[in-house]
Amino acid sequence: MTDAPSENVSVPRTLRSTTGGIVTAAVIDVVLVLAFVLIGRGSHGENIVGGAFTTFWPFAAGLVVGWIVCLAWRRPFALWPTGVVAWAATLVIGMLLRVVSGQGVAVSFVIVAAIVLAVFLIGWRAVALPIRTRARRRG
């Protein structure tokens, strides 16, 4: 199976990318990663805004790498590979960059981050796909 549709393979309209869809998916991903950071900082009694960029940038970099690796702009709403690869790259690269930059990476933080980022980055796609499919059938 290839990412590019061939003459004999029909790609559902709900999975085809448009500029608006690509931008929407990218913005949702970034906002959810930022929400993860702000919620985490707030839950630890840290200044939510002050220092947020320090916590945010490693995960944002991981998200960008994930998008590039799976060519997310081709199928920005797809659970696989986009959602799963975006999640995995955000988590793994984010944690590695935290280590390299001298930020904490406790096991409990990795577990919580894995769960929350999965719910956020994969979860919104799981919710959006049937909604987009239903809307396309009506329209």
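Two aromatic rings of Phe, Tyr or Trp count as a pair if their centres lie within 6.5 Å. In this predicted model, ring pairs of that kind link Phe36, Phe59 and Phe109 into a cluster. The count of aromatic pairs comes to 4. One of them joins Phe36 and Phe109, with 6.4 Å from centre to centre and 15 degrees between the planes, a stacked arrangement. This pair connects distant parts of the chain: Phe36 belongs to helix H1 (residues 19-43) and Phe109 to helix H4, and the two are 73 residues apart. Phe36 counts as buried because its relative accessibility is 8%. Phe109, at a relative accessible area of 23%, is partly exposed, since the buried class requires a value under 20%.

Another aromatic pair is formed by Phe77 and Trp124, whose ring centres are 5.5 Å apart and whose planes make an angle of 85 degrees, so the pair is edge-to-face. Here too, distant parts of the chain are linked. Phe77 sits in the loop between helix H2 (52-69) and helix H3 (79-100), while Trp124 lies in helix H5 (residues 123-138), 47 residues apart from Phe77. Phe77 is buried, with a relative accessible area of 7%. Trp124 is buried as well, with a value of 12%.

The elements named above belong to a protein chain with 5 helices and 0 strands. Read from the N terminus, the order of elements is α-α-α-α-α. Contacts across the sequence can be described for the chain as a whole: of those between residues at least 6 apart, 70% join residues that are at least 24 apart. Of the 139 residues in the protein chain, 34% are buried.

The surface comes next. The protein chain exposes about 8,100 Å², and carbon and sulfur atoms supply 70% of that area. A nonpolar patch on the surface consists of Val107, Ile111, Ile115 and Val119, which together have about 400 Å² of accessible area. Is Ile111 buried, partly exposed or exposed? Its relative accessibility is 48%, and Ile111 therefore counts as partly exposed. The exposed class begins over 50%, whereas a patch residue needs over 30% relative accessible area.

Technical notes: Residues numbered from 1 in each chain as written. Predicted model: local features only at pLDDT ≥ 70, side-chain atom pairs only at ≥ 80, totals over all residues. Heavy atoms only, no water. Patch = residues over 30% accessible without salt bridge, like charges linked within 9 Å, V, L, I, M, F, W, Y side chains within 5 Å. Areas by Shrake-Rupley, 256 points an atom, 1.4 Å probe, with all protein chains shown as cover. Salt bridge = Lys/Arg side-chain N within 4 Å of Asp/Glu carboxyl O. Buried < 20%, exposed > 50% of the residue type's maximum accessible area, 1.4 Å probe, protein only. Helix = DSSP H or I, 4+ residues; strand = E, 2+ residues; numbered from the N terminus. Contact = heavy atoms within 4.5 Å. Phe/Tyr/Trp six-rings, centres within 6.5 Å; stacked < 30°, edge-to-face > 60°.
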